[in-house]
Amino acid sequence: AMEAKAPLGRWVVSAKNGLYVRAGPSTKEKTTGILKYKEEVIGLKRINGWLKHSSGWSLINSYNDIPFMTPVIELREVVIDESPQGDSIQFKYPSPAARKKSK
């Protein structure tokens with residue numbers, strides 16, 4: 001099985017009806033719960049089309065490639081501080097350089 005290295009970042013449930021959580025990465029595995037639409041999870045491991053998170057395993061795409069879960073893109077907010085000392089730009093999230101180091 002192909003395995004990507006963890007951590008796999010944040011994922012959000014894009015399936016409107018919610019998404020099953022299973023005991024393992026197979027539809028034959030027991031259903032242990034349901035993730036709600038727009039619920040976020042942290043991806044720990046990925047095997048084939050399955051994502052492991054703290055609650056169990058969920059299918060990333062349907063078999064005809066409709067996304068059940070999508071990665072959350074980190075929005076980096078830029079705040080312009082209009083102080084008398086001039087405009088200073090603050091990044092509320094790690095810079096791309098800092099992020100590269102953490103990978």
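**Questions about a predicted model**

Guide: In this predicted model, strands E2 and E5 run antiparallel and are joined by 3 bridges.

Visitor: What makes E2 and E5 a pair?

Guide: Two strands pair if there are at least two bridges between them. E2 and E5 have 3 bridges, so they count as paired. Within this pairing, Val12 has Glu40 of E5 opposite.

Visitor: Which strands make up the open sheet, and in what order?

Guide: The open sheet has 3 strands in the order E5-E2-E9, and their pairing is antiparallel. Strand E5 (40-42) and strand E9 (69-71) each have a single partner strand, so they stand at the edges, with one side of each lacking a neighbour in the sheet. On average, neighbouring strands of this sheet are turned by 35 degrees against each other, direction ignored.

Visitor: Why is the contact between Arg10 and Glu40 called a salt bridge?

Guide: The cut-off is 4 Å between a side-chain nitrogen of Lys or Arg and a carboxyl oxygen of Asp or Glu. The closest N and O atoms of Arg10 and Glu40 are 2.9 Å apart, so the pair meets the definition. The structure holds 1 salt bridge.

Visitor: Why does Arg10 count as partly exposed?

Guide: Buried means under 20% relative accessible area, and exposed means over 50%. Arg10 has 29% relative accessibility, so it counts as partly exposed. Glu40 has 42% relative accessibility, so Glu40 counts as partly exposed too.

Visitor: How much of the protein chain is buried?

Guide: Of the 103 residues in the protein chain, 23% are buried.

Visitor: Which residues form the largest nonpolar core?

Guide: The largest nonpolar core has 10 residues: Trp11, Val13, Ala15, Leu19, Val21, Leu35, Val41, Leu51, Ile60 and Met69. Strand E2 (10-13) and strand E3 (19-22) are the elements that give two or more residues to this core.

Visitor: What does Leu51 touch, leaving out residues up to four places away in sequence?

Guide: Among the residues that Leu51 touches are Trp11, Val41, Ile60 and Met69. Leu8, Gly43 and Trp57 are also included.

Visitor: How many helices and strands does the protein chain have?

Guide: The protein chain has 1 helix and 11 strands. From the N terminus on, the elements run β-β-β-β-β-β-β-β-β-β-β-α.

Conventions:
Residues are numbered from 1 along each chain as its sequence is written. This is a predicted model: local features need pLDDT of at least 70, side-chain atom pairs count only at pLDDT 80 or more; totals for chains, interfaces and linings use all residues. Side-chain values use heavy atoms; hydrogens and water are left out. Helices (H or I, at least four residues) and strands (E, at least two) are DSSP runs, numbered from the N terminus. Buried means under 20% relative accessible area, exposed over 50%, partly exposed in between (1.4 Å probe, protein chains only). A nonpolar core is a set of buried Ala, Val, Leu, Ile, Met, Phe, Trp, Tyr and Cys residues joined through side-chain atoms within 4.5 Å. Contact means heavy atoms within 4.5 Å. Axes are lines fitted to C-alpha atoms, for helices over the stretch in contact, and angles run from 0 to 180 degrees between N-to-C directions.
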